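Please read the points alongside the model.

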Amino acid sequence: MPGDTTSKPASESPQGGKSGIDRPFNVVIVGQSGRLQYEAALFCVSFRATNPNFAGRLFVAEPVPNAAWSRNPRMNDDAVRQLLSDLDVEILPFEANHFGEAYPYGNKIELLSALPANEPFVFFDSDTLILGDLATVPFDFDRPGASKRVEGTWPKLELYGPGYTQIWKSLYDKFGLDFESSLDLGQPDEYWRRYLYFNAGFFFFRCPQEFGEPFLEYSLAIRDDPPPELVCQTLDPWLDQVALPLVIHSFGGGRETLPAGLLDGEISCHYRVLPLLYAREDQRVIDVLEKVTAPNKVKKVLKAYEPFKRMIYQGKGAKARALFDQGDLPRREQQIRNTLKRENLWLR
């Protein structure tokens, strides 16, 4: 299988960026009852404010009720649904047959089968703020990529257990993929960054079905029949991030398919929870957040979610920001979380 090789020349796209496919692309996130519907609303508000000339379609994928859910997972706030309609967002129903409530991160895998076939797509986690024009991102949709804003969250090595090389090689071998070409040889052996690993906060490719089929296959095989080397490893909530690099590598994608500093940088911010956004992101991110959430029609919707109400509209975000020197943040995210929790500002 091809590995993380040098990027091919890309053609100009109608949206002003570059892509391996000369046509508009679609953007998709997940929306469902509870927190995610409000995060989806915020994403779409920020997207439309910063991408007024977007040529593709904007989808909020919504799981439908079935045996995988104990309760109806659909978005249940009519005001959210109305706001999405006003923003010309298409709600895309999909069946979560394999994961559902037991592993909701699997939504990003199963929704791919419901997207239009043979149309390039970019998936974003719902807890993302769009800051700029996606048309300026030079996507090569023939070579998939994902977020490199990631810590070494998986695997967690056990004393006397297998190391990074044994664990990751067992997965590549399971699916007939070339392991050696996935390595970053500029990183030390047995250091987590040597091995292909992404945050699944965004990913992209030329066709959702083509990408989704192995994503689902690999994820189910890892969950249901893991290699012996994974015996000490937990896959919840990491399963999607374990399978994702294997899928990307199988299609010849990798670490350098996008220039650094655009997604998870100048163009988008995967904030995860608002207290983290206020604590550590650039002032420009705060400015975009507060501008796009200021209109009354948006405020009325987002205030229904208590953490948004308190952080954005009641000043708790500013209090969280004042706890940290944004030029000298703690090295580990957990330290930031602990400080926010101690001050009763960890709201989600």
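1. In this predicted model, the lining of the largest pocket comprises 18 charged, 15 nonpolar and 13 polar residues. That pocket has a volume of about 1400 Å³. Its lining is made up of 46 residues, and those nearest the centre are Tyr105, Asp127, His270, Arg272 and Arg348.

2. Several elements contribute at least two residues each to the lining of the largest pocket: helix H1 (35-50), helix H3 (107-110), S9, H6 and helix H13 (333-342). The greatest contribution is that of H13, with four residues.

3. The second largest pocket has a volume of about 190 Å³. It is lined by 15 residues, with Lys148, Phe202, Pro259, Ala260 and Leu263 nearest its centre. Two or more lining residues come from each of strand S8 (145-147), S9 and helix H7 (262-266); S8 gives the most, with three. By class, this lining has seven nonpolar, four polar and four charged residues.

4. Leucine 185 belongs to the loop that links helix H4 (164-174) to strand S9 (199-205). Is this residue buried or exposed? Leucine 185 is exposed, because its relative accessible area is 63%, over the 50% cut-off. Its C-alpha atom is 31 Å from that of tyrosine 105, at a sequence separation of 80 residues.

5. Valine 231 is located in the loop between helix H5 (208-224) and helix H6 (239-250). With a relative accessible area of 68%, valine 231 is likewise exposed. The C-alpha atoms of valine 231 and proline 162 are 9.5 Å apart, with 69 residues separating the two along the chain.

Key:
Residues numbered from 1 in each chain as written. Predicted model: local features only at pLDDT ≥ 70, side-chain atom pairs only at ≥ 80, totals over all residues. Heavy atoms only, no water. Buried < 20%, exposed > 50% of the residue type's maximum accessible area, 1.4 Å probe, protein only. 1 Å grid on protein atoms, 1.4 Å probe; cavity = no way out; pocket = protein on both sides within 12 Å on 5 of 7 lines; lining within 4 Å. Points joined across faces, edges and corners; volume = space filled by probe spheres on them. Nonpolar A, V, L, I, M, F, W, Y, C, P; charged D, E, K, R; others polar.
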